[in-house]
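Dear colleague,

I am passing on the structure below, and my notes on it follow. Please read them with the coordinates open beside you.

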Amino acid sequence: MFEVNFLTELINSSNIDEIEKFLKDNDLIQNKAPLCKKCTKEMKWDIKTTLSEKYYWRCTTCGESKSGRNNRFFSQFDLPLAKILKIIFHWSLQVCQNDKKTLNGVSPIRIIQLNDLINPYLIPIKRLDPLKKKITIKNKC
Ligand SMILES: [Zn+2]
């Protein structure tokens, strides 16, 4: 469960360091070092500035790499993490389609495609409860 004010600030900041730390702390991106398939050694959480995600798992022995999205909810999206979070946040607030388009800068068709991806994961979870002001995101894959 995440506080709405905290999430609003985090998402609006577009601070990828803070966003990835938050997602990793909550295991929404992989937070335990995976083993390298070639060397069977633990991979290291490393920085790669050319990636939109900035961080990834890397084997310090052979250089093999893995996205933090691997086997996580976010692995099915081909958009930057900050943008996906924004779309999910607006979805949870039940923002109408046109406002979502304006807020996120994505096409209406893309929003519908994303809603189709998001709905199976989040519909069983309570939408934003105005009294509790909390949102829950779970990994399901
Ligand atoms: Zn390796």
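**Helix packing and a loop serine**

Helix α2 (residues 16–25) and helix α3 (residues 81–92) pack with their axes 10 Å apart and at an angle of about 65°; axes here are lines fitted to C-alpha atoms, for helices over the stretch in contact, and angles run from 0 to 180 degrees between N-to-C directions. The model is predicted, so that local features need pLDDT of at least 70 and side-chain atom pairs count only at pLDDT 80 or more, while totals for chains, interfaces and linings use all residues. Residues are numbered from 1 along each chain as its sequence is written.

α2 and α3 are therefore roughly perpendicular to each other (65 to 115 degrees; under 35 is roughly parallel, over 145 roughly antiparallel, and the rest oblique). In their contact (C-beta atoms, placed from the backbone, within 7 Å), I16, I19, E20 and L23 of α2 meet L81, A82 and L85 of α3. These residues divide into 6 nonpolar, no polar and 1 charged (nonpolar being Ala, Val, Leu, Ile, Met, Phe, Trp, Tyr, Cys and Pro, charged being Asp, Glu, Lys and Arg, and polar the others, Gly among them).

S67 is found in the loop between β4 (65–66) and α3, and it counts as partly exposed because it has 16 C-beta neighbours inside 10 Å (20 or more is buried, 12 or fewer exposed, and in between partly exposed, with C-beta atoms placed from the backbone). Neighbours within four places in sequence aside, S67 is in contact with E53 and Y56, and its C-alpha atom is separated by 6.1 Å from that of W57, 10 residues apart along the chain.

Terms used: Helix = DSSP H or I, 4+ residues; strand = E, 2+ residues; numbered from the N terminus. Contact = placed C-beta atoms within 7 Å.
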